[in-house]
Amino acid sequence: MELFTPESGLIFWMLIVFLTVLFVLWKFAWPSITKAIANREKYINDSVKAADEAFSKLETIKEERNAILTKAREEQNAQFKEVQVLKEKLIEDAKNEARAEADKLIADARKSILAEKEQALKEVRNQVALLSIGIAGRVLRKNLESDKSQMELVDQILDEMDTQKN
Amino acid sequence: MRLIRNNVQKKMSSNKYIGLEIVLLLLVVFLLPVHAGETAEKKAFNPGEFVVGHVTDSYSWHITKSGETELSIPLLVIVKSQDRGWFAFNSSKLNEGATYQGFKIADTDPYRNKVVEILPNEEIVRPTDISITKDVASLLICATLVLWIVLSLARHYKKAPMKAPGGFLGAIEFVVIFIQDEVIKPCVGNDYKRYSPYLLTLFFFILINNLMGLIPVFPGGANVSGNLAITSVMAVCTFLAINLFGNKEYWKDIFWPEVPTWLKVPLPIMPFLELFGIFTKPIALMVRLFANMLAGHMIAMVFMAMIFIFGAISPLLGTGVSVFAIFFAIFMNFLELLVCVIQAYVFTLLSSVFIGLSRMEPHKKEI
């Protein structure tokens with residue numbers, strides 16, 4: 001029966017066509033296709049792996065960042081406190097120094113006032129002495145001829161006054 | 001369904017609405033090959049001839065018949081006469097039993113429907129015939145299609161190596177990956193890379209040929225993969241792939257299999273069976289694909305033939321039967337779609353398994 005007897009002409013053409021297709025695809029298509037698919041598969045796998053790694057790295061980075069932040073905040077607090085203390089101390093020191101300076105100034109002033117007072121008193125005494133001599137001289141010109149005896153008298157009188165005063 | 005029934009009813013009863021009928025007829029023609037309608041009324045309808053005529057090869061590509069004129073694509077006849085050398089001419093020269101340059105298409109056995117040469121002494125002989133028949137033409141179309149599809153996939157990767165192809169090429173890529181990873185890799189084993197180009201080509205070649213056979217009109221419709229000449233060539237290729245590269249273990253398993261010695265020594269029963277198996281494997285491949293595809297084409301034609309058989313008894317009966325016949329033919333066509341893929345898959349799978357057996361690792365010693 002015709003159905004079951006393979007025709008030689010058809011076998012001939014089938015051989016040519018099939019082997020040509022096989023050759024062309026073997027040479028130009030399948031290697032590049034399978035290679036490309038394998039490459040892409042590898043690329044995707046690598047990318048997924050890289051993404052996973054990046055993700056986990058990101059997690060650690062986040063943790064590190066948090067740690068750094070907490071530490072920085074603590075340090076900031078500590079520094080703040082330190083600065084506070086320092087500030088108080090500075091203010092205290094400044095106050096003390098100012099007080100000391102003021103005290104010194106007052107003391108100096110007092111001293112110089114005292115010295116000047118002494119001086120003034122001396123001068124006043126001298127003036128008084130001279131004045132007194134002048135006055136007494138006029139009074140006693142006739143009584144006391146020599147200046148020396150006059151001065152002795154005045155000094156004596158003045159010393160008496162001093163001792164009285166003291 | 002209603003559309004088809006209306007169409008068939010009109011076709012059977014009258015030719016009143018010709019314009020509408022042509023539109024509906026086209027629908028049916030594209031769905032199923034029912035183009036023997038007119039003949040049924042003129043001469044006695046021969047279902048055997050009708051069915052076999054559609055599944056066997058022919059010298060021209062018949063499309064349809066409108067009125068008295070046959071509509072078919074003429075193909076190239078290439079024959080070598082016994083004494084006169086090569087001839088190549090248009091197959092339309094041999095239409096209606098005409099004789100051209102001493103050649104004609106025989107209408108009697110043993111060379112029925114084949115080009116024969118009439119020698120001067122009236123003797124009829126078969127010349128060497130490598131005509132581009134319907135099957136060869138279909139084969140060339142399918143081969144071009146396979147080349148085009150696979151090469152465009154390869155070109156896609158050349159252009160965008162890391163980009164997955166979309167659309168149609170994406171589907172093809174899916175099939176390639178499926179066949180490679182699920183069939184070739186596990187079945188062939190370690191050196192699958194050496195065989196995968198052959199097996200992938202085999203799969204796509206069979207698949208495209210099968211699917212083109214489902215299209216009832218021109219570029220398809222030829223029963224290519226349901227032809228022994230086609231399947232035998234592929235079976236021989238697989239046979240060579242198995243046996244040319246079979247390793248020591250494979251040949252040892254054939255001539256000295258691990259069975260009780262009395263099965264091998266005085267009378268080599270097992271070696272004989274194994275040797276026989278070398279040939280039955282590819283023959284099984286050949287026959288399986290051939291029979292499945294032939295049956296698929298035949299069953300569609302048988303349903304169509306039923307319409308004309310019952311139509312010849314009574315037009316009303318023919319109409320009634322046509323509803324069921326077309327319904328079942330459509331159903332069978334869907335089933336065939338499945339069979340087309342499965343048969344291509346099975347041929348590739350079994351080729352892979354047989355190749356894998358010829359490349360197997362030495363048996364592990366049992367403890």
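Me: Leaving out residues up to four places away in sequence, which residues does B:L285 touch?

Reply: Bear in mind that this is a predicted model. Setting those sequence neighbours aside, B:L285 touches B:A235, B:T238, B:F347, B:L350 and B:S351. The residue itself is found in helix α10 of chain B, which runs over residues 269-313.

Me: What is the C-alpha separation of B:L285 and B:G189?

Reply: Those two C-alpha atoms are separated by 20 Å, and the residues sit 96 apart along the chain.

Me: Let's go up a level. Which residues have the most contacts inside the largest nonpolar core?

Reply: General idea to start with: in soluble globular proteins, nonpolar side chains tend to be buried together. Here the largest nonpolar core has 83 residues, and A:M14 and B:F203 have the most contacts inside it. Domain 1 (76-129) and domain 2 (134-358) of chain B both contribute residues to this core, so the core lies between them.

Me: Which residues is A:M14 in contact with, leaving aside neighbours within four places in sequence?

Reply: With those neighbours left aside, A:M14 is in contact with B:L139, B:A229, B:I230 and B:V233.

Me: How many residues does each chain put into the contact between A and B?

Reply: Chain A supplies 30 residues and chain B supplies 40 residues. On the side of chain A that touches chain B, the classes come to 23 nonpolar, four polar and three charged residues.

Me: How far apart are the centres of domain 1 and domain 2 of chain B?

Reply: Taken over C-alpha atoms, the two centres are separated by 33 Å. Domain 1 covers 76-129 and domain 2 covers 134-358.

Me: Now the strands. What is the strand order in the open sheet that contains β3 of chain B?

Reply: As background, strands of a sheet pair through backbone hydrogen bonds, either parallel or antiparallel. In this sheet the order is β4-β3-β8 (chain B), and the pairing is antiparallel. β4 and β8 (128-129) of chain B are the edge strands, each pairing on one side only. Strand β3(B), residues 76-81, meets β4(B) over six bridges, and a hairpin of three residues joins the two. To find your place along that pair, look for B:V77 opposite B:F89 and B:K80 with its bridge partner B:W86.

Me: Why does β4 of chain B lie largely in the open?

Reply: Of the six residues in β4(B), residues 85-90, the number buried is zero, so the strand lies largely in the open.

Me: What order do the strands take in the open sheet with β6 of chain B?

Reply: That three-stranded sheet has the order β5-β6-β7 (chain B), again with antiparallel pairing. Its edge strands are β5 (103-105) and β7 (124-125) of chain B. β5(B) pairs with β6(B), residues 115-118, over three bridges, and B:F103 stands opposite B:E117 in β6(B).

Me: Which residue in the turn between β1 and β2 of chain B has a positive phi?

Reply: B:G67 does, with a phi of about 65 degrees, in a hairpin that has two residues between the strands. β1(B), residues 60-66, and β2(B), residues 69-74, pair in the antiparallel sense over six bridges. Within that pair, B:W61 stands opposite B:I73.

Notes
Residues are numbered from 1 along each chain as its sequence is written. Chains are lettered from A and ligands numbered from 1 in the order in which they are written. This is a predicted model: local features need pLDDT of at least 70, side-chain atom pairs count only at pLDDT 80 or more; totals for chains, interfaces and linings use all residues. Two strands pair if DSSP finds at least two bridges between them. Helices (H or I, at least four residues) and strands (E, at least two) are DSSP runs, numbered from the N terminus. A nonpolar core is a set of buried Ala, Val, Leu, Ile, Met, Phe, Trp, Tyr and Cys residues joined through C-beta atoms within 7 Å. A residue is buried if 20 or more other C-beta atoms lie within 10 Å of its own, exposed if 12 or fewer, and partly exposed in between; C-beta atoms are placed from the backbone. Domain bounds come from an automatic or database domain assignment. Two residues are in contact if their C-beta atoms, placed from the backbone, lie within 7 Å. Ala, Val, Leu, Ile, Met, Phe, Trp, Tyr, Cys and Pro count as nonpolar, Asp, Glu, Lys and Arg as charged, and the others, Gly among them, as polar.
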